[in-house]
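Let's take a friendly tour of a protein model. Have a look at the sequence and the 3D view first, then read on.

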Amino acid sequence: MPTIIKRGGARTEYTRDKLRASMTLALRKRPVPREKVDEAVGRIEQRLMALGEREVKSDRVGQFVLDELRQLDKVAYIRFASVYFNVEKPEAFAELLREALEPREKTDAASVSYTHLTLPTKLEV
């Protein structure tokens, strides 16, 4: 698995347990079976390996997680995204709700744009 480059530039080894724990936190008290979470983690790992890179920015991993959570559970997607994008304003939270409710075909995360949501540290609307 590739090394993960954090937003601040620090490098860390990829840890399946950490990825699963992040997703599980977003899915807390949601009706998603453990098997579905494990399958989603497996798909994220496959996508990381398919990149063929020795190092991957944590933002890329975050996009993969967003894609999977959006498919698994909209509430978990919003929970994760609100922390990931450091949402502080109600208008930004409303934008996340709109994003979660928009129909979207299942695609590769590389082709999905979160540019309307991604800012270095905060989501502003």
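Is Arg-20 buried or exposed? Arg-20 is buried, because its relative accessible area is 15%, and buried means under 20%, while exposed means over 50% and partly exposed is in between (1.4 Å probe, protein chains only).

A quick note on the model: it is predicted, so local features need pLDDT of at least 70 and side-chain atom pairs count only at pLDDT 80 or more, while totals for chains, interfaces and linings use all residues. Residues are numbered from 1 along each chain as its sequence is written, and side-chain values use heavy atoms, with hydrogens and water left out.

## Who sits around Arg-20

You'll find Arg-20 in helix H1; helices here are DSSP runs (H or I, at least four residues) and strands are too (E, at least two), numbered from the N terminus. Leaving aside neighbours within four places in sequence, Arg-20 is in contact (heavy atoms within 4.5 Å) with Arg-34, Val-37, Asp-38 and Val-41. Take Val-37: it is 17 residues from Arg-20 in sequence, yet their C-alpha atoms are 7.5 Å apart in space.

## The nonpolar core

Now for the largest nonpolar core, which has 29 residues. Such a core is a set of buried Ala, Val, Leu, Ile, Met, Phe, Trp, Tyr and Cys residues joined through side-chain atoms within 4.5 Å. Leu-19, Met-23, Val-65 and Leu-69 have the most contacts inside this core. Helix H4 gives the most to this core, with six residues.
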